Amino acid sequence: MGLSEALSDDGTVTGRGTSMSRGFITGGATFLGGSFHALPFLISDLHTALLVASFTVGCELIGIAWIRKRFLDVSLASSLIQVTLGGVIVAVSGALIGQA
């Protein structure tokens, strides 16, 4: 993700800063996001791990919605709906792939 963002443009098109800074921010956020909701599965009890992971993902989605509100001037309600819908699509896709 970070490399993709860094290579997308040099910042002159979007005005979002240098490619290096965007790449580090996107790559770091992707790493942290992936780590936080995967860490609960170090818990030996699967039911507990699923509950903790679900709570963690919910907090991540709320955080993403707040960041979109803060920096992209999207209303919080609209952002929560969009982020939740995106999360549902990802969860359903993962469940379908997992059963294949």
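The legends below describe close-up views of a predicted model of one protein chain.

View 1. The protein chain holds four helices and zero strands, and reading along the sequence gives the pattern α-α-α-α. Of the 100 residues of the protein chain, 15% count as buried, and among the contacts between residues at least 6 apart in sequence, 12% join residues at least 24 apart. The mean pLDDT of the protein chain is 82, with 84% of the residues reaching 70 or more. Among the elements of the chain, the lowest mean pLDDT, 56, belongs to helix H1 (residues 2–8), while the highest, 89, belongs to H4. Where pLDDT is low, the predicted coordinates should not be read in detail.

**View 2. The packing of helix H2 against helix H3.** H2 and H3 pack at an angle of about 150°, and their axes are 8 Å apart. Because angles over 145 degrees count as roughly antiparallel, H2 is roughly antiparallel to H3. On the H2 side the contact is made by Gly33, Phe36 and His37, which meet Ala53, Thr56, Val57 and Glu60 on the H3 side. Sorted by class, the residues of this contact of H2 with H3 comprise three nonpolar, three polar and one charged.

**View 3. Ala38 in helix H2 and its separation from Ala53.** Ala38 lies in helix H2, which spans residues 19–38, and with a relative accessibility of 42% Ala38 counts as partly exposed. Although Ala38 and Ala53 are 15 residues apart along the chain, their C-alpha atoms are separated by 7.0 Å. Ala53 is itself one of the H3 residues that take part in the contact with H2.

**View 4. Thr56, a buried residue of helix H3.** Thr56 has its place in helix H3, and its relative accessible area is 17%. Because buried means under 20% relative accessible area, Thr56 counts as buried. When neighbours within four places in sequence are left aside, Thr56 is in contact with Phe36, His37 and Pro40. Two of these partners, Phe36 and His37, belong to the H2 side of the contact between H2 and H3.

**View 5. The packing of helix H3 against helix H4.** Helix H3 (residues 46–72) and helix H4 (residues 76–99) pack at an angle of about 140°, with 9 Å between their axes. H3 and H4 are therefore oblique to each other, and their crossing is right-handed. From H3, the residues Leu61, Ile62, Ile64, Ala65, Trp66, Arg68 and Lys69 meet Leu76, Ser79, Leu80, Gln82, Val83 and Gly87 from H4. By class, the residues of the contact of H3 with H4 divide into eight nonpolar, three polar and two charged.

**View 6. Asp73 in the loop between H3 and H4.** Asp73 is placed in the loop that lies between H3 and H4. The phi of Asp73 is near 55°, which is a positive value in a residue other than glycine. Most residues other than glycine have a negative phi. With a relative accessibility of 72%, Asp73 counts as exposed.

View 7. Gln82 has its place in helix H4, where, at 41% relative accessibility, the residue counts as partly exposed. Leaving aside neighbours within four places in sequence, Gln82 is in contact with Arg68 and Val74; Arg68 is among the H3 residues that meet H4. The C-alpha atoms of Gln82 and Ala65 are separated by 8.3 Å, the two residues being 17 apart along the chain. Ala65, like Arg68, is listed among the residues with which H3 meets H4.

Conventions:
Residues are numbered from 1 along each chain as its sequence is written. This is a predicted model: local features need pLDDT of at least 70, side-chain atom pairs count only at pLDDT 80 or more; totals for chains, interfaces and linings use all residues. Side-chain values use heavy atoms; hydrogens and water are left out. Axes are lines fitted to C-alpha atoms, for helices over the stretch in contact, and angles run from 0 to 180 degrees between N-to-C directions. Helices (H or I, at least four residues) and strands (E, at least two) are DSSP runs, numbered from the N terminus. Angles under 35 degrees count as roughly parallel, over 145 as roughly antiparallel, 65 to 115 as roughly perpendicular and the rest as oblique. A crossing is left-handed if the near helix is turned anticlockwise from the far one by less than a right angle, and right-handed if clockwise. Contact means heavy atoms within 4.5 Å. Ala, Val, Leu, Ile, Met, Phe, Trp, Tyr, Cys and Pro count as nonpolar, Asp, Glu, Lys and Arg as charged, and the others, Gly among them, as polar. pLDDT is the predictor's confidence in each residue, from 0 to 100. Buried means under 20% relative accessible area, exposed over 50%, partly exposed in between (1.4 Å probe, protein chains only).
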